[in-house]
Amino acid sequence: MGMHRFFRWFALFNALPVFLVAQEPALPAKEIFAKRPTGDLALEIYQSDDSDSLRAAVICLHGGGWKKGEPQHIAAFARELAGEGFVTIAPAYRLSDVAPFPAQIDDINAAIRWVRENANRYQIDPEKIGIIGSSAGGHLALLSATRPAPEIERPNAAIGLGA
């Protein structure tokens, strides 16, 4: 499955409240991807089937003006993309009242690194990792693609909505 399907689905992001999920993926797996002095950071992984083939992954970032929000706020969108065959990941990141910038982008880079390092466990093609977010999540998605970082911490594609 190519990244072109990822770009096709980004338009659906604006309609999050009206989604009806036709093919409900399994409950998300939860994993700790980073340990911080302020607490562990977890991510949720959504998959719709147990395909043996490698699939593209989409990291979905919640918004909230850097000061509120959580991965569950983007869960409906992540489930919808997972129903289309993507592996979707919704990571937490430290909010501005917990840690000042650039902590948030450091957290997202750590999530991307974790996805690449664990790609085999979830049948993810490590060369097809996209990232999408809205508002603060969109800002972080674009920063993750443009900020200098090791290749393992950078997405292959990024979409920022309302960034």
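Trainee: Is Trp66 buried or exposed?
Mentor: This is a predicted model, and the values are computed from it. The place of Trp66 is in the loop between S3 and H2. Its relative accessible area is 17%, and the cut-off for buried is under 20%. Trp66 is therefore buried.

Trainee: What is phi of Trp66?
Mentor: Trp66 is a residue other than glycine, and its phi has a positive value. The value is near 70°.

Trainee: How many aromatic pairs are there, and what is the geometry of the rings of Trp66 and Phe101?
Mentor: A search of the whole structure gives 2 aromatic pairs. In the pair of Trp66 and Phe101, the ring centres are 5.8 Å apart and the planes stand at 70°. Planes over 60 degrees apart count as edge-to-face, so this pair is edge-to-face.

Trainee: Which parts does the pair of Trp66 and Phe101 tie together?
Mentor: The two residues are 35 residues apart in sequence. Trp66 belongs to the loop between strand S3 (55-61) and helix H2 (75-83). Phe101 belongs to the loop between S4 and H3, so the parts tied together are the S3-H2 loop and the S4-H3 loop.

Trainee: Is Phe101 buried or exposed?
Mentor: The relative accessibility of Phe101 is 51%. The limit for exposed is over 50%, so Phe101 counts as exposed.

Trainee: What is omega of the peptide bond that joins Phe101 and Pro102?
Mentor: Pro102 is in the loop between S4 and H3. The bond from Phe101 to Pro102 is cis, with omega at about 15°.

Trainee: What kind of aromatic pair do Trp114 and Tyr122 form?
Mentor: Trp114 is buried at a relative accessible area of 10%, and Tyr122 is buried at 9%. Their rings are 6.1 Å apart centre to centre, with 45° between the planes. The pair is tilted.

Trainee: Where is Arg94, and is its place buried or exposed?
Mentor: Arg94 is found in the loop between strand S4 (87-91) and helix H3 (103-117). Its relative accessible area is 13%, so Arg94 is buried.

Trainee: Which side chain makes a polar contact with the side chain of Arg94?
Mentor: Leaving aside neighbours within four places in sequence, Arg94 is in contact with residues including Arg36, Thr38, Leu41 and Gln104. Its side chain also reaches the backbone oxygen of Ala103 at 3.4 Å. The side-chain to side-chain polar contact, at 2.8 Å, is with Asp107.

Trainee: How many residues of H2 are buried?
Mentor: H2 is mostly covered. Among its buried residues are Phe77, Glu80 and Leu81. After H2 comes Gly85, with a positive phi near 105°. The count of buried residues in H2 is 7 of 9.

Trainee: Is Ser135 buried or partly exposed?
Mentor: Ser135 lies in the loop between strand S5 (124-134) and helix H4 (136-146). Its phi is positive, near 60°, in a residue other than glycine. At 33% relative accessibility, Ser135 is partly exposed.

Trainee: In what order do the elements of the protein chain run?
Mentor: The secondary structure comes to 4 helices and 6 strands. From the N terminus on, the order is α-β-β-β-α-β-α-β-α-β.

Trainee: Among contacts with a separation of 6 or more, what share comes from residues 24 or more positions apart?
Mentor: Buried residues make up 51% of the 163 residues in the protein chain. The accessible surface comes to about 7500 Å², and 54% of this belongs to carbon and sulfur atoms. For the contacts asked about, the share is 74%.

Notes
Residues numbered from 1 in each chain as written. Predicted model: local features only at pLDDT ≥ 70, side-chain atom pairs only at ≥ 80, totals over all residues. Heavy atoms only, no water. Buried < 20%, exposed > 50% of the residue type's maximum accessible area, 1.4 Å probe, protein only. Polar contact = N/O pair within 3.5 Å; in protein donor to acceptor, adjacent residues only side chain to side chain. Contact = heavy atoms within 4.5 Å. Phe/Tyr/Trp six-rings, centres within 6.5 Å; stacked < 30°, edge-to-face > 60°. Areas by Shrake-Rupley, 256 points an atom, 1.4 Å probe, with all protein chains shown as cover.
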